[in-house]
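Please read these notes with the model open.

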Amino acid sequence: MKSEKIILFDGICNLCNQSVQFVLEHDKNKHFRFASLQSEFGQMFLRKHGLDTKNFDSIVLLDGDTFFTKSDAVLRIAKELHHPARLLSYCAILPKNSRDFFYSFIAKNRYRLFGKKESCWLPTPELKSRFLD
């Protein structure tokens, strides 16, 4: 049985919201469900794993009982998407510390570079079933 894959993202980050919309567009087989890190589900996950509930610095991919953050999460997500988005998963050949350094730089500066919203992005009624509260 395939485990459920859930992407946790910063719901007020413009880059994060655009990334979720990109995944929705390229996830033809609907592998992923989504929740913002600010949601009840996201906050519960963060508390359970001893992660910061206020200052989010990473996307999180839950895959069954395992979770991945930073570049590992991004590359595992990309691997499930349709071509050409799947090509991003080949960056896994780069050393993890190099990938995470670049990821952390973007994450630290994401609001300044891409802006943020006052509230979380809300999915359309058609997409609502793919989002957790």
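Where is Lys30 found? Lys30 sits in the loop between α1 (14-26) and β2 (32-36); helices (H or I, at least four residues) and strands (E, at least two) are DSSP runs, numbered from the N terminus.

This is a predicted model, in which local features need pLDDT of at least 70 and side-chain atom pairs count only at pLDDT 80 or more, while totals for chains, interfaces and linings use all residues. Residues are numbered from 1 along each chain as its sequence is written, and side-chain values use heavy atoms, with hydrogens and water left out.

1. Lys30 is not a glycine, yet has a positive phi of about 55°. Lys30 counts as exposed, at 60% relative accessibility (buried means under 20% relative accessible area, exposed over 50%, partly exposed in between; 1.4 Å probe, protein chains only).

2. Lys70, also not a glycine, has a positive phi of about 50°. Lys70 lies in helix α3 and is partly exposed at 22% relative accessibility.

3. The His83 to Pro84 peptide bond is cis, with omega near 5°. Pro84 belongs to the loop between α3 (70-80) and α4 (96-114).

4. Strand β1 (residues 5-9) has 5 of its 5 residues buried, so it is largely enclosed by the rest of the structure. Lys5, Ile7 and Phe9 cover one side, and Ile6 and Leu8 the other; all are buried.

5. β1 and β2 run parallel, joined by 5 bridges (two strands pair if DSSP finds at least two bridges between them). Leu8 stands opposite Ala35 in β2.

6. β1 also pairs with strand β3 (residues 60-63), in the antiparallel sense, over 4 bridges. The bridge partner of Ile7 in β3 is Leu61.
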